[in-house]
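Subject: Structure handover and findings

Hello,

Here is the structure you asked about, with the sequence alongside. My notes follow below it; please read them with the model open.

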Amino acid sequence: MSLSAFAVALRHLLSNELCRKLLRCAFIADCQAKSGQAELLLLPKWEILASMRVIARSSLKKFWERPGCGDARGPLHSWFDEAVKATWRLSQDVKDQYANASICGNHRVVFNVGGNKYRLVVEMQYRAGIVWVKFVGTHAQYDRIDVQNVNDY
């Protein structure tokens, strides 16, 4: 691979929003000029920690637009902004950021939102970097659902 082709591929990788956070490079690529082209001698081992993708913001918006739930907009918006910047790879990563989050079965996590007035249930797919919104509701509505099987959105 020529140096220019490698540079184009690397530039594309760095500009990709999901891969914008390169945490470290274990090996440094050693390029050596040969016949006017650079030859890659050692491929870098990148540890890429991409931000989480929340599916779907529209579910959160649909909830806060309900009558009587307008006060959930700020807390849900804040949670969304933090979630899309997070690099959760384990449930412990979530607990480190949200100590009051409850880790449940079936890859579910329950977040207390708006001073525990609302509950947000998501399904985490850590390897894929995806957070699926499964339920948003009041504390009273939450008490009536089965966290492991709820799928309102």
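In these notes, a residue is buried when its relative accessible area is under 20%, exposed when it is over 50%, and partly exposed in between (1.4 Å probe, protein chains only). Helices (H or I, at least four residues) and strands (E, at least two) are DSSP runs, numbered from the N terminus. The model is predicted, so local features need pLDDT of at least 70 and side-chain atom pairs count only at pLDDT 80 or more, while totals for chains, interfaces and linings use all residues. Residues are numbered from 1 along each chain as its sequence is written, and side-chain values use heavy atoms, with hydrogens and water left out.

Helix α2 covers residues 57-64, and its buried residues include Ser59, Leu60, Phe63 and Trp64. They sit on the same side of α2, because they cover an arc of only 130 degrees around the axis; the arc is that of the directions from the helix axis to the C-beta atoms. Contact here means heavy atoms within 4.5 Å. Among the elements that cover the buried residues of α2 are α3 (73-85), β8 (118-125), β9 (130-138) and α5 (139-142).

In α3, Leu76, Trp79, Phe80 and Ala83 are buried. Seen down the axis of α3, its buried residues fall within an arc of 100 degrees, so they line one face of the helix. As background, an α-helix has 3.6 residues a turn, so residues three or four places apart point the same way. The buried residues of α3 pack against β5 (53-55), α2, β7 (108-113), β8 and β9. The length of α3 also checks out: its 13 residues should span 18 Å at 1.5 Å a residue, and its end C-alpha atoms are 18 Å apart. The expected span is 1.5 Å times one less than the number of residues.

Salt bridges

How many salt bridges does the structure hold? There are four, counting a side-chain nitrogen of Lys or Arg within 4 Å of a carboxyl oxygen of Asp or Glu. Side chains of opposite charge can pair when their charged atoms come close.

One of them joins Glu65 and Lys61 at 3.9 Å, N to O. Glu65 is exposed, at 53% relative accessible area, and Lys61 is partly exposed, at 41%.

Another joins Arg108 and Glu123 at 3.7 Å, N to O. Arg108 lies in strand β7 and Glu123 in strand β8, so this pair ties together parts that are 15 residues apart in sequence. Both Arg108 and Glu123 are buried.

Glu123 also meets Lys134 in a salt bridge, at 3.8 Å, N to O. Lys134 lies in β9, so its pairing with Glu123 in β8 ties together parts eleven residues apart in sequence. Through shared partners, salt bridges join Arg108, Glu123 and Lys134 into one network.

Lys134 itself counts as buried, at 10% relative accessibility. Its side chain makes a polar contact of 3.4 Å with that of Asn151. A polar contact is a pair of N or O atoms within 3.5 Å; within protein, one must be able to donate a hydrogen and the other to accept it, and residues adjacent in sequence count only if both atoms are side-chain atoms. Leaving aside neighbours within four places in sequence, the contacts of Lys134 include Val121, Val122, Val150, Asp152 and Tyr153.

Cysteines

A search of the whole structure finds zero disulfides, a disulfide being a pair of cysteine sulfur atoms within 2.5 Å. Cys69 counts as buried, at 8% relative accessibility, whereas Cys104 is partly exposed, at 25% relative accessible area.

Regards
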